[in-house]
Amino acid sequence: MPTGTPYDAFIHPYPIRVDDFADTATLQTVPALHLLSHTHADHINGLSAKSFSATIICSYDAKEMLLRHEVYAERALKEMDIRAENVRTFQHLKVVPKILEDGSICYHGSRDLLKPVSLNTPYRHELSNDNWVTITLIDANHCPGSVMFLIEGAQGAVLHTGDFRAEPWFIQSLTKNPFLQRYIHPTLDSIRTISKQQDGLENTLRTIYLDTACLLGTDDVPTKDEATAGLVSMMLLYPDTTRFFINGWTWGYEDLYKAVAKAFGAKIHVDRYKYAVYSHLAHEPFLSSIITRDEGSTRFHACERFNRCSEVEVDGRASHTRSGAHVVYVNPVSLSGVAWTSYLKETKQKLTSGEEVNNLLVPLFRHSPLPELRAFVSLFRPTSVVPNTLDAGLNGLDWLCLPSMFTDCISSNSSVMREEIRTYLATRAKSSWKTLLPDLDTEEDVAFKNLEGEDVLKDAERWADSGKTRIRLGKMLPYLEGPEKDFVDGLL
């Protein structure tokens, strides 16, 4: 998990660790089991160590993506024919047996640490002597292979979301999930009380470990379908000769490729690495059908952005190729629903009036903002909520916002939750929020660091949330209490 994850990425009360595989001296518990929610870089810390030797539960697609993982430097050497073979970062996690000259099989040194489990299929695992848990993987709507984990055992049930996007359709689907239905909170507390008295069952999730990457996004944002539909409506206003470079700089923007392919009846050109990964995913048949290695067969490209194909190759971030072809860049950023509506209107006016527009922004959120998180947590009314993602630079201040943010979404007293957080931070934090002296204009949004296109930063700064510390602290202020609130108020 990202730096600063509470409880060293363990899922209390079980000795299960999620998305952090580093062996550090600070660990107070030896993990009995490791879980991998997906393969983004901040969730595979420690896995590159050849000494790692524990079993990891993950989805089938996450296993495939991890074993095919190549860092950019190695990919580039392969493309230049300097490397004869692909150098895969995590190939040591699966070592196949050797076939000897006489045809016999030698298993010495072979291993497969990745234990894939099918979605919505309960898997029983013994943590220690007769201490069993049942783990169910549920799609997380974040990127290929990403999952949530429902862990059930003698010490109660917990739900770990990993990274996820809880759009309205997603939340609705969870109400029909047979493995989560018993934990859905009834609309009438009287029904809930009577039900528990009759069947003697505890149907409340003990804890939700929640994706809080966009916790401070307090505005409503477009759904993925709304975002891709708006993007396509702008793209349709360009001449048929226009070429588009879709800046899918990380896994999770595949909805852009799918929407464009369906709207234009065309395939998306991708590089060798993306093609190898996408074409081997078991749960992405449509995605694998719309990608191509033939760069000249399509106007739509999502190839290696640091080494683009000849169809969209430009000098620097220029908007025209050497042959004069117009290249338009599509960049995912964080826009609120209100900003998106205004941006669409203004951009379409520019295009219909003949003005050249070289960059298109699209609000394809891979994480849920606060309104969606509140709707998700309210669906279950757990006893407590623990963040999966904390900003290390804020030293726990963002965690202290959770009790107020979710006070009417959980089944326990939020003030108790706040005191537990303060106690933990006082005993475990390396530095206190009291010593926090941030650069209030520091830019944190990773999407801003990955923008592509001429003058695109100016457009992004006008329309999107840059994630600057000053803005984030201002959004936190209404949810803080006591000394923390006074401290942030003084900073601002």
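The model is predicted: local features need pLDDT of at least 70, side-chain atom pairs count only at pLDDT 80 or more, and totals for chains, interfaces and linings use all residues. Residues are numbered from 1 along each chain as its sequence is written, and side-chain values use heavy atoms, with hydrogens and water left out.

**View 1. Strands β9 and β10 form a hairpin.** Helices (H or I, at least four residues) and strands (E, at least two) are DSSP runs, numbered from the N terminus. Strand β9 (residues 123-128) and strand β10 (residues 131-139) run antiparallel and are joined by five bridges; two strands pair if DSSP finds at least two bridges between them. Two residues lie between β9 and β10, and Asp 130 in the turn has a positive phi of about 60 degrees.

**View 2. Strand β11 pairs with β10 and with β12.** β10 and β11 are antiparallel, with seven bridges, and Val 133 has Gly 153 of β11 as its bridge partner. Strand β12 (residues 156-160) pairs with β11 over five bridges, also in the antiparallel sense. Here Glu 152 is bridged to Ala 157 in β12, and a hairpin of two residues joins β11 to β12. Buried means under 20% relative accessible area, exposed over 50%, and partly exposed in between (1.4 Å probe, protein chains only). Five of the seven residues of β11 (residues 147-153) are buried, so this strand is largely enclosed by the rest of the structure.

**View 3. Four strands form an open, parallel sheet.** The strand order is β1-β2-β3-β8. β1 (16-18) and β8 (114-116) are the edge strands, each pairing on one side only. Neighbouring strands of this sheet are turned by 30 degrees against each other on average, direction ignored. Axes are lines fitted to C-alpha atoms, for helices over the stretch in contact, and angles run from 0 to 180 degrees between N-to-C directions. Strand β3 (residues 56-58) is joined to β8 by three bridges, and Cys 58 has Pro 116 of β8 as its bridge partner. Helix α1 (residues 60-67) packs on the sheet and touches β3 and β8; the direction of α1 makes about 145 degrees with that of β8. Contact means heavy atoms within 4.5 Å.

**View 4. Helix α12 has its buried residues on one face.** The 15 residues of α12 (residues 414-428) should span 21 Å at 1.5 Å a residue, and the end C-alpha atoms are 21 Å apart, which agrees. The expected span of a helix is 1.5 Å times one less than its number of residues. Buried in α12 are Ser 414, Met 417, Arg 418, Ile 421, Tyr 424 and Leu 425. Seen down the axis of α12, these buried residues fall within an arc of 125 degrees, so they line one face of the helix; the arc is that of the directions from the helix axis to the C-beta atoms. On the other side, Glu 420, Ala 426 and Thr 427 are exposed. The cover over the buried residues of α12 includes β20 (384-387) and α11 (402-405).

**View 5. Helix α5 has buried residues covered by strands and helices.** α5 (residues 224-235) has 12 residues and reaches 16 Å from its first C-alpha to its last, close to the 16 Å expected at 1.5 Å a residue. Among its buried residues are Lys 224, Leu 231 and Met 235. Elements covering the buried residues of α5 include β14 (243-246), α6 (254-264) and α9 (337-352).

View 6. His 301 lies in strand β17. At 0% relative accessibility, His 301 counts as buried. Leaving aside neighbours within four places in sequence, the contacts of His 301 include Phe 244, His 269, Glu 295 and Cys 309. Ser 334 sits in the loop between β18 and α9. The side chains of Ser 334 and Asp 445 are joined by a polar contact of 3.4 Å. A polar contact is a pair of N or O atoms within 3.5 Å; within protein, one must be able to donate a hydrogen and the other to accept it, and residues adjacent in sequence count only if both atoms are side-chain atoms. Leaving aside neighbours within four places in sequence, Ser 334 is also in contact with Phe 365, Ala 464 and Asp 465.

**View 7. Asn 450 lies in the loop between α13 (446-449) and α14 (456-463).** Asn 450 counts as buried, at 11% relative accessibility. Leaving aside neighbours within four places in sequence, Asn 450 is in contact with Asn 247, Trp 249, Arg 305 and Asn 331.
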